[in-house]
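Subject: Structure for you to look at

Hello,

Here is the structure I promised. Please open it and read my notes alongside.

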Amino acid sequence: MEVFSRKVFIGGLPIDITETELKQAFHKFGSLLVDWPNRSSDSHFVKKEHYGGAASRVTGYAFLIFLEEASVQRLIAKCYSEGDRFYMLMSSQTVREKPVQVRPWRLADMDYMPRPSAHLDPRRTIFIGGVPRPTKASELAFVLEAAFGPVCYAGIDVDPEMKYPKGAARVTFSTFKSYAAAMAGRFVQIPHSDNTKRVEIKPYLVNDQMCDNCHGKLCQDRYAPYFCGDVACLQYYCEICWDRLHYGSGNRSREMHKPFVRMGEQIKIKIPQREF
């Protein structure tokens, strides 16, 4: 049974280690590839930054992509742990037995339901981008519940092939009140390492929704393209109803509302073209 993603984060590497040396160090656990962001295939893991003519070196990170999930289990079995973190000792030409962090992703951390019997209403779901990749679904649920109210589901979006976090998540609230509070809050602070990261909250747009105002009567039963994320609305609208309620109602505050639209997998704000 698979326990981990085949993609593993390795952090705090020696500054002079090469891709070849990385492969040699981890090949004993199984066949693998090295994903080394912004590095050439066999360059040293060195970044030089100049401050007043002086050069400084900083450590970095890489990803190991194993061909079999069992290789990750063998790797973790050989690590030593401190709390919930795993480490291995690595050496290079200039460093002996440096602790490097081995951070696997457990597949069980993708989803979390604190209230399994609760009804999951997709219309009470928010989308969060920029989520730190180590964040577990349970941790995200606790943060959102503490900030806005009861949560019934949290899910981390993962790459379908590697099953590794993509840096985005969905959270469904138990009540409309907590969902509205999250939409009004717009941002939330997510713990990351020894700091926190401020991320934006957006509505999760449900596919194939009819207009909440005319229920398809004014748009020939076509699905509503717009969602208003302002807490005064939080509804789906066809183009006709959007214009009537936001530009023709005499409500000046509604004229400032901006519609969210789905473009493929992305959720963006669109500025409607008004006809005068």
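The protein exposes about 15,500 Å², and carbon and sulfur atoms supply 49% of that area. Accessible areas come from the Shrake-Rupley method with a 1.4 Å probe; for residues, only the protein chains shown count as cover. This is a predicted model: local features need pLDDT of at least 70, side-chain atom pairs count only at pLDDT 80 or more, and totals for chains, interfaces and linings use all residues. Residues are numbered from 1 along each chain as its sequence is written, and side-chain values use heavy atoms, with hydrogens and water left out.

Of the 276 residues, 44% are buried (under 20% relative accessible area, 1.4 Å probe, protein chains only). The protein has five helices and 18 strands (DSSP runs numbered from the N terminus: H or I, at least four residues, for helices; E, at least two, for strands).

Start with helix 1, residues 19–26. Glu19, Leu22 and Phe26 are buried there. They lie on the same side of helix 1, because they cover an arc of only 55 degrees around the axis (taken from the directions from the helix axis to the C-beta atoms). The buried residues of helix 1 pack against several elements, including strand 1 (7–11) and strand 7 (85–90) (contact: heavy atoms within 4.5 Å).

Strand 1 pairs with strand 8 (residues 98–103) in the antiparallel sense, over three bridges (pairing needs at least two DSSP bridges). Glycine 11 stands opposite glutamine 101. Strand 7 also runs antiparallel to strand 8, joined by five bridges. Phenylalanine 86 has valine 102 as its bridge partner.

Best wishes

Notes:
Buried < 20%, exposed > 50% of the residue type's maximum accessible area, 1.4 Å probe, protein only.
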